[in-house]
Amino acid sequence: MPDDGKLTADIEVTSGGNAVLERFQVIEGGRPMNMITMYYLDGDTLKLTHYCHAGNQPTMAATYDAAAGTLTFDFVAATNLKPDDLHMHHAVFKLVDANHLNETWTMYKDQKSAGAETMSLTRGK
């Protein structure tokens with residue numbers, strides 16, 4: 001993270017192998033910020049629900065681009081979200097190798113892009 005440094009992401013398989021839990025923890029502006037994202041299959045579609053620090057819960061559906069090696073998640077619905085609220089709206093994941101994952105999350109506010117954040121995650125030892 002550019003300002004405060006270290007982001008921690010704990011990733012675990014849960015719910016009898018039916019979901020993956022990703023827990024982010026970072027210090028932002030001197031205060032801890034925590035968010036959870038759950039990944040799961042809905043029929044044949046990979047989805048995520050992001051439990052955001054902003055207090056809303058966007059759900060996104062994935063498409064896979066084999067040529068680029070990316071998973072792209074696009075907004076499909078949300079709970080606790082007013083039309084102009086800040087929220088996560090789009091995400092692109094690239095598994096670089098067995099130990100490195102890049103995630104770019106795009107936020108929306110007032111129904112348009114409000115910027116993106118990229119995280120380069122490295123598996124802990």
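Predicted model: local features only at pLDDT ≥ 70, side-chain atom pairs only at ≥ 80, totals over all residues.
Residues are numbered from 1 along each chain as its sequence is written, and side-chain values use heavy atoms, with hydrogens and water left out.

Ser15 sits in the loop between β1 and β2, where helices (H or I, at least four residues) and strands (E, at least two) are DSSP runs numbered from the N terminus. Ser15 counts as partly exposed because its relative accessibility is 47%. Its phi is near 55°, a positive value in a residue other than glycine. Asp110 is found in the loop between β8 and β9, and it too has a positive phi, of about 55°, although it is not a glycine. With a relative accessible area of 40%, Asp110 is partly exposed.

Next, follow strand β4, which covers residues 45–51 and holds Thr49. Thr49 has a relative accessible area of 9%, so it is buried. Its side chain is joined to that of Thr59 by a polar contact of 3.0 Å. A polar contact here is a pair of N or O atoms within 3.5 Å; within protein, one must be able to donate a hydrogen and the other to accept it, and residues adjacent in sequence count only if both atoms are side-chain atoms. If neighbours within four places in sequence are left aside, Thr49 is in contact (heavy atoms within 4.5 Å) with Ile36, Thr37, Met38, Tyr40, Gln57, Pro58 and Thr59.

Lys47 is also placed in β4. Is this lysine buried or exposed? Lys47 is buried, with a relative accessible area of 18%. Its side chain makes a polar contact of 2.8 Å with the side chain of Asp42. Leaving aside neighbours within four places in sequence, the residues in contact with Lys47 are Met38, Tyr39, Tyr40, Asp42, Thr59, Met60, Ala61 and Phe73.

Two of those names, Tyr39 and Phe73, lead us to the aromatic rings. A pair of aromatic rings is described by the distance of the centres and the angle of the planes. Rings of Phe, Tyr and Trp (its six-membered ring) pair if their centres lie within 6.5 Å; planes under 30 degrees apart count as stacked, over 60 as edge-to-face and the rest as tilted. The structure holds four aromatic pairs. One of them, Tyr39 with Phe93, is edge-to-face, at 5.9 Å centre to centre and 70° between the planes. Tyr39 lies in strand β3 (residues 31–42) and Phe93 in strand β7 (residues 87–97), so this pair ties together parts that are 54 residues apart in sequence. Both Tyr39 and Phe93 are buried.

Phe93 also pairs with Phe73: the ring centres are 5.3 Å apart and the planes lie at 55°, so this pair is tilted. It links distant parts of the chain, with Phe73 in strand β6 (residues 70–79) and Phe93 in strand β7, 20 residues apart. Phe73 counts as buried because its relative accessibility is 1%, and Phe93 is buried at 8%. Ring pairs link Tyr39, Phe73, Phe93 and Trp105 into a cluster.

On a 1 Å grid over the protein atoms alone, a cavity is a set of points where a 1.4 Å probe fits but cannot get out, and a pocket is an open set with protein on both sides within 12 Å along at least five of seven lines; lining residues have an atom within 4 Å of a point. Grid points are joined across faces, edges and corners, and a volume is the space filled by probe spheres set on the points.

The largest pocket has a volume of about 850 Å³. It is lined by 38 residues, of which Ile11, Glu22, Leu101, Glu103 and Leu121 are the closest to its centre. The largest share of this lining, five residues, comes from β9. By class, the pocket lining divides into 20 nonpolar, 12 polar and six charged residues, where Ala, Val, Leu, Ile, Met, Phe, Trp, Tyr, Cys and Pro count as nonpolar, Asp, Glu, Lys and Arg as charged, and the others, Gly among them, as polar.

The largest cavity holds about 100 Å³ of space. Of its 12 lining residues, Leu7, Phe24, Met35, Glu117 and Met119 are the closest to its centre. Here the largest share, three residues, comes from β2, and the lining of this cavity has nine nonpolar, two polar and one charged residues.

Note on methods: Buried < 20%, exposed > 50% of the residue type's maximum accessible area, 1.4 Å probe, protein only.
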